[in-house]
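This report describes the architecture and selected side-chain interactions of one protein chain. The sequence and structure are shown first.

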Amino acid sequence: MRLIVFGCLAGAICSGAALAQDTKQEKPSCRVEPVDYLGWSAQQISNQWLRLIIVPQNGGRLMQVTFAGHDYLFVNPELRGKYLPPTSAQWFNYGGDKLWLLPEGNQDEQHWVGNSDLLDDGPYTFKKLAEGQRCEIELISPADPQTGIQFTRTIGLDTDSPRVQFRAKMKNVSGHSLEWSMQSVSQYSTSIPGSPAKRNPDIWGFTPANPASGYLLRYHVRFGPAENPAVSVRDDGLLAVHYSHWAAELWIDSVAGWLAVVDGASRFAMVEKFQYEANKTYPGRASVISGPTVRNFI
């Protein structure tokens, strides 16, 4: 299970949140409804706090999350409104939030080649499970003959909270034993709000470093520079990643079960909670991966 809470930091103007607190004429509710989003045929889940945009056709992505008028997720401007059929020869990065398999690679059938296959880009079925006091939807992927896996994901939103709840599961459709790891992948916008061409210099990611880490630096550089000024373990034990243009991927064996992405410029933040299971095997020991995207294992 994965839980995300969106909010604004002290001093920020959260007009949507203030409106939600002041408006008492109508009983709060949440809604699920079809919408057009940047040319995509999408589904919207909304309450007085949040607006979630889901594009089932494009790999069942949660394409955008908006809180108090602030968009959190990256949407690739070159692919807005487009649908490109899955192909193993190329990867189409639409952005948003999705599910992903590990381990990656092309060494053998126990590694996921990735690219734009059925799991990443195939059309997911969409079903509304609840609406009103609580909203919940279900997304089911195509059965993937390459990996033998089928994803099911539910996304829930309460009426009076900026908290989003995710549940995901894998189904073995192969007829023989399989072993895969599943993770969520979120791509956050790193541009200045209102100026998509300008890089925001004040984006940060945080997660508690493991005091008994199996990594020499309390994190592992999967690729990129070994000495990276954008990452550090602070005196308070938090691993801090300052967004930069450096291509890098960091593996963190955090056991605390949470991470945060903070936009110091707009003063909006997201806190993500997940269940860390000490008795389970995590690929490469990593429970959080940071780099061009933010990932955590489910």
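A residue counts as buried when its relative accessible area is under 20%. Asp 120 has a relative accessible area of 1%, so this residue is buried. The model is predicted, and the values below are computed from it.

Asp 120 takes part in a salt bridge with Arg 61, with 3.5 Å between the closest N and O atoms. This pair connects distant parts of the chain, since Asp 120 belongs to helix α2 (residues 118-121) and Arg 61 to strand β5 (residues 61-67), 59 residues apart. Arg 61 has a relative accessible area of 0% and is therefore buried as well.

Asp 120 also meets the side chain of Lys 98 in a salt bridge, at 2.8 Å from N to O. Lys 98 lies in strand β7 and Asp 120 in helix α2, so this contact ties together parts that are 22 residues apart in sequence. With a relative accessible area of 3%, Lys 98 is buried.

## Other salt bridges

Side chains of opposite charge can pair when their charged atoms come close. The whole structure contains 12 salt bridges. One of them joins the side chains of Arg 2 and Asp 97, at 2.6 Å from N to O. Arg 2 is located in strand β1 (residues 2-8) and Asp 97 in strand β7 (residues 97-102), so the pair ties together parts that are 95 residues apart in sequence. Both Arg 2 and Asp 97 are buried.

A network of salt bridges links Arg 2, Asp 97, Arg 153 and Glu 272.

Strands of a sheet pair through backbone hydrogen bonds, either parallel or antiparallel. In this model, 10 strands form an open sheet with antiparallel pairing, in the order β8-β9-β10-β11-β1-β21-β20-β15-β18-β17. From one strand to the next, the twist averages 20°.

Within this arrangement, strand β10 (residues 149-158) and strand β11 (residues 163-172) run antiparallel and are joined by 9 bridges. Phe 151 has Met 170 in β11 as its bridge partner. Val 262 is placed in strand β20 (residues 258-263) and is buried, with a relative accessible area of 17%. Phe 151 and Val 262 are 111 residues apart along the chain, and their C-alpha atoms are separated by 29 Å.

## The disulfide

The disulfide count is 1. Cys 30 is joined to Cys 135, with an S to S distance of 2.3 Å. The torsion about their S-S bond is about 115°, so the disulfide is right-handed. Cys 30 lies in the loop between α1 (15-22) and β2 (31-37), whereas Cys 135 lies in strand β9 (residues 134-140), so the pair ties together parts that are 105 residues apart in sequence.

Cys 30 is buried at 2% relative accessibility, and Cys 135 is buried with a relative accessible area of 0%.

## A buried loop residue

Asn 210 is situated in the loop between β15 (203-208) and β16 (220-223). Its relative accessible area is 10%, so Asn 210 is buried. Neighbours within four places in sequence left aside, Asn 210 is in contact with Arg 218, Asp 253, Ser 254 and Val 255.

Definitions and conventions:
Residues numbered from 1 in each chain as written. Predicted model: local features only at pLDDT ≥ 70, side-chain atom pairs only at ≥ 80, totals over all residues. Heavy atoms only, no water. Pairing = 2+ DSSP bridges. Helix = DSSP H or I, 4+ residues; strand = E, 2+ residues; numbered from the N terminus. Axes fitted to C-alpha atoms, helices over the stretch in contact; angles between N-to-C directions. Buried < 20%, exposed > 50% of the residue type's maximum accessible area, 1.4 Å probe, protein only. Contact = heavy atoms within 4.5 Å. Disulfide = S-S within 2.5 Å. Salt bridge = Lys/Arg side-chain N within 4 Å of Asp/Glu carboxyl O.
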